[in-house]
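These are my notebook entries on one structure.

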Amino acid sequence: MKYLDDDQVKDLLNNKWGQVIDTIESAFLDETADMVPKVYLQAGKAGDFRAMPAALGGYAALKWIGVFPDNKEFNLPTTIGTLILNDKFTGKPFLAMDCTTLTAYRTAATSAIAAKYCAPEAREFAFIGCGLQAQYHIEAYESIFGHMNMTVDTYDQSRDAMRKLHKWIGKENIAQAWGYNDDVESAVKYADVVTTLTPSTEAYLDIHWLKSNCHVNAVGADAVGKRELMPNVIDGAGFIVCDDEEQARHSGELQYNVWPNLELHSLASVIKKYTWASEQISVFDSTGVAIEDIAIAELIYRLSHS
């Protein structure tokens with residue numbers, strides 16, 4: 001069985017944002033798609049392992065990934081893992097691949113899909129957290145909204161992280177304008193789309209700072225104990241979307257929801273409706289699902305044989 005390392009995965013996906021986004025979007029509508037919600041295994045104080053099985057078409061896959069927020073101290077990526085792609089009907093293994101770049105691409109692509117349908121006229125984008133995942137998100141948004149239509153505001157507790165991100169934006173000529181901010185409120189007040197990308201365990205985003213029709217892609221809360229949104233964001237939002245409700249209630253922002261009858265919408269239902277634009281705030285509670293992983297793994301498999 002062939003194994004693709006992270007550099008090989010990067011090469012195969014380079015400049016393929018359109019294909020990645022279309023592949024993942026189609027997977028959410030595919031009737032053959034099946035998955036088991038993430039299984040978590042704690043590993044030390046801050047880290048955990050996650051097992052994510054899924055099936056799609058004639059394929060089955062398992063992603064086994066560790067998430068370790070303190071890995072930067074060891075010059076290692078936050079997420080490290082492997083995905084194995086199999087024939088669904090015989091179990092024959094086709095391909096194994098590193099999950100670092102795969103996970104970054106599928107996470108950003110899914111956020112872009114949510115923004116495409118919930119904020120189709122978006123022009124101003126705010127990013128809370130300026131690590132590598134912010135770069136992937138900016139590229140994904142650019143593929144949908146176009147760089148000449150994008151302005152970017154950022155905030156990170158690390159000024160150095162903001163500087164590095166802004167240097168990259170300028171080098172890539174990927175947005176019309178971009179700016180530093182001294183706090184979250186300043187970063188988000190004009191944003192059409194706010195993307196939260198932090199490992200925070202304390203809520204910091206207040207609904208009173210958001211435009212009345214802002215869309216929030218809440219990405220950082222993907223495990224028990226993580227959170228980025230103050231309760232009033234969920235309480236005051238007019239439209240709440242989940243990639244998977246069970247996962248969101250277990251380990252997303254909805255783990256803190258005290259309203260059992262809250263109306264939730266699946267990302268698939270939003271895609272089927274084609275667009276949902278409103279003067280109300282919308283939230284996408286992104287926990288990352290195995291359907292996204294198998295969709296991009298199948299694409300990587302096809303690209304590796306082209």
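I looked up the strand order and found an open sheet of eight strands, ordered 10-9-8-11-12-15-13-14, with parallel pairing. Two strands pair if DSSP finds at least two bridges between them. Helices (H or I, at least four residues) and strands (E, at least two) are DSSP runs, numbered from the N terminus. Strand 10 (177-179) and strand 14 (265-266) stand at the edges with a single partner strand each, so one side of each has no neighbour in the sheet.

I note that this is a predicted model, in which local features need pLDDT of at least 70 and side-chain atom pairs count only at pLDDT 80 or more, while totals for chains, interfaces and linings use all residues. Residues are numbered from 1 along each chain as its sequence is written, and side-chain values use heavy atoms, with hydrogens and water left out.

Strand 8 and strand 11 (residues 193-196) run parallel and are joined by four bridges. Ile128 has Thr196 in strand 11 as its bridge partner.

Contact means heavy atoms within 4.5 Å. Axes are lines fitted to C-alpha atoms, for helices over the stretch in contact, and angles run from 0 to 180 degrees between N-to-C directions. I also found helix 5 (residues 159-172) lying across strand 9 and strand 10, at about 165 degrees to strand 9.

At what angle do helix 2 (residues 17-29) and helix 3 (residues 100-118) pack? The angle is about 75 degrees, and their axes are 9 Å apart. That makes helix 2 roughly perpendicular to helix 3, a label for angles of 65 to 115 degrees. Among the residues that meet are Trp17, Ile21 and Phe28 in helix 2 and Tyr105, Ala109 and Ile113 in helix 3. By class, I read 11 nonpolar, one polar and three charged residues in this contact. Ala, Val, Leu, Ile, Met, Phe, Trp, Tyr, Cys and Pro count as nonpolar, Asp, Glu, Lys and Arg as charged, and the others, Gly among them, as polar.

Helix 1 (residues 6-13) and helix 10 (residues 290-304) pack at about 85 degrees, with axes 10 Å apart. Helix 1 is therefore roughly perpendicular to helix 10. Val9, Leu12 and Leu13 in helix 1 meet Ile296, Leu299, Ile300, Leu303 and Ser304 in helix 10. Seven of the contact residues are nonpolar, one is polar and none is charged.

Conventions. Angles under 35 degrees count as roughly parallel, over 145 as roughly antiparallel, 65 to 115 as roughly perpendicular and the rest as oblique.
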